Amino acid sequence: MTRADLHTLTGAYAVHALSGRELEEFERHLAVCEACALEVRELRETAGRLAVATSLTPSPLMKDEVMRRIATVRQEPPRVASHDGRDDRRDDRRTQVGRGRESRGAGRPRRRGGRKALGFALAACLAGAAALGGAAVWQYRQASDARNTADRAERRVAEVDELARVLAAPDARTRTGKLKDGATGAVVVSRGLDRAVFLSSGLPEAPSGRVYQLWFSDGGTMRPAGLLHTSGGGSAALLRGPVGTSSAMGLTVEPAGGSKAPTTDPIALMTFPSG
Amino acid sequence: MREPVYIGGPAARGPALEELLHMVARGDQNAFAALYDAVCGPVLGLTRSLLRDPAQAEEVTQEVLVEVWRSAARFEPGRGSAMGWIMTLAHRRAVDRVRSAQAASDREARAALLARTPAFDEVTEQVEARLEREQVRRCMRTLTELQRQSVTLAYYRGRTYREVAELLSLPLGTVKTRLRDGLIRLRDCMGVGA
């Protein structure tokens, strides 16, 4: 491709419409073409204005969820030039935002090793705790395989860590039950940790635009306990929030983003095992 | 529930967002909450436009906002606005999600994706119906039909320019230049500088 040809790719690059070899080729060109870098910045800025025009009102629950999540996410340091004066991501710097995967840098692989170890630990815990272990390990693998959604995986790891602690707790008690359509569920409670875990197998994916939501039952009043993500039929979720005095848990299907109170009849209602 | 939201003209989100982002970079959760209120609507609108599926759009929106928290220190004010930076990040994430769904070997996933990809006419109609800000709408009208279609399919639908060429039955070179010319015309119409 000639230089002029490459230069006309600024538009496609600005709106992430390049892929494969063309993307690599253009990024190499971008590193040496100041005019292209400026044009990409301007066109991305323009595209951002197009985004603002599509604005929607988010569910208020989403803010709670995001605020909860950021509280456990470590922030990246500012970009600094290295000893030889070169920046760690030259293209990135020129265009403000580069490609997520690459810009994450060298710190990642180490953490992946940690995840793997955690995976084995979890597998061991689960094997002892419930026959549904395969589901959780499968889900853990799926989370760790999703390289392009690394922060989700990271959040899952924190959750899996806590989940494993509950399952392995000396005072963990399990109760299993049948859900609708042949699906099975198990709830594991550790009164000592004040946490509960819900495992399921054979639960179909939630209908489009709907999600599974977990609830604590506090003397009949339902308290939101987070969403349950199913994929491939198996799932394991740490119920959000302390068990407290609640005596049972529920599972309902809710509109995307979840609800503050159940809007449908529970598809599962399980009494916690007694201590 | 999904009312379009007006977030005011450029003046209303001038330096304030950059300042908020700067505070967020220092770990200020209250500043993040204020930033969230200002950008969540547009991020959700964009991810929804790209992904169509409300649940997935919400999921990606959350990922984007957590990413903003995580990488706020990487924002460089001299290189564009905070809103532009966040929207680029959101677009990148949503496009990644669209493409990874496309690449999935699972035939069901592919079928489902195709099933919820509306016909082209429907897409443009919806996008235009949602172009709430008068300026964007006005500037979009200054584009030629080909420029507008190219920009719409690439930006709002996450198509690669090769796919756009395929969808519009046009040579690659034509789409490449229409896309760039269209964006340049929008830039000039909206008075965007970097």
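The structure is a predicted model, in which local features need pLDDT of at least 70 and side-chain atom pairs count only at pLDDT 80 or more, while totals for chains, interfaces and linings use all residues. Residues are numbered from 1 along each chain as its sequence is written, and chains are lettered from A and ligands numbered from 1 in the order in which they are written.

Strand β7 (residues 248-255) of chain A is paired with β8(A) in the antiparallel sense over 4 bridges. Within β8(A), Met270(A) lies opposite Met249(A), and Thr271(A) is the bridge partner of Ala248(A). A residue is buried if 20 or more other C-beta atoms, placed from the backbone, lie within 10 Å of its own, exposed if 12 or fewer, and partly exposed in between.

Another open sheet of 4 strands in chain A has the order β1-β2-β3-β6, again with antiparallel pairing. Its edges are β1 (173-178) and β6 (234-238) of chain A; each has a single partner strand, so one side of each is left without a neighbour in the sheet. Neighbouring strands here are turned by 15° against each other on average, direction ignored. Strand β3 (residues 195-201) of chain A runs antiparallel to β6(A) and is joined to β6(A) by 5 bridges. Ala237(A) in β6(A) stands opposite Phe198(A).

In chain B, the axes of helix α2 (residues 29-51) and helix α3 (residues 54-71) come within 8 Å and cross at roughly 140°. This angle makes α2(B) oblique to α3(B), given that angles under 35 degrees count as roughly parallel, over 145 as roughly antiparallel, 65 to 115 as roughly perpendicular and the rest as oblique. The crossing of α2(B) past α3(B) is right-handed. Residues of α2(B) in the contact include Phe32(B), Tyr36(B) and Leu51(B), and those of α3(B) include Pro54(B), Val60(B) and Trp69(B); contact requires C-beta atoms, placed from the backbone, within 7 Å. By class, the contact of α2(B) with α3(B) comprises 12 nonpolar, 3 polar and 1 charged residues.

Two residues other than glycine show positive phi values. His16(A), with phi near 55°, is placed in the loop between α2 (10-14) and α3 (20-30) of chain A. His16(A) counts as buried because 26 C-beta neighbours lie inside 10 Å. Ser169(B), with phi near 50°, is placed in the loop between α9 (161-168) and α10 (172-190) of chain B. With 6 C-beta neighbours inside 10 Å, Ser169(B) counts as exposed.

Definitions and conventions. Axes fitted to C-alpha atoms, helices over the stretch in contact; angles between N-to-C directions. Left-handed = near helix turned anticlockwise from the far one by under 90°. Contact = placed C-beta atoms within 7 Å. Nonpolar A, V, L, I, M, F, W, Y, C, P; charged D, E, K, R; others polar. Pairing = 2+ DSSP bridges.
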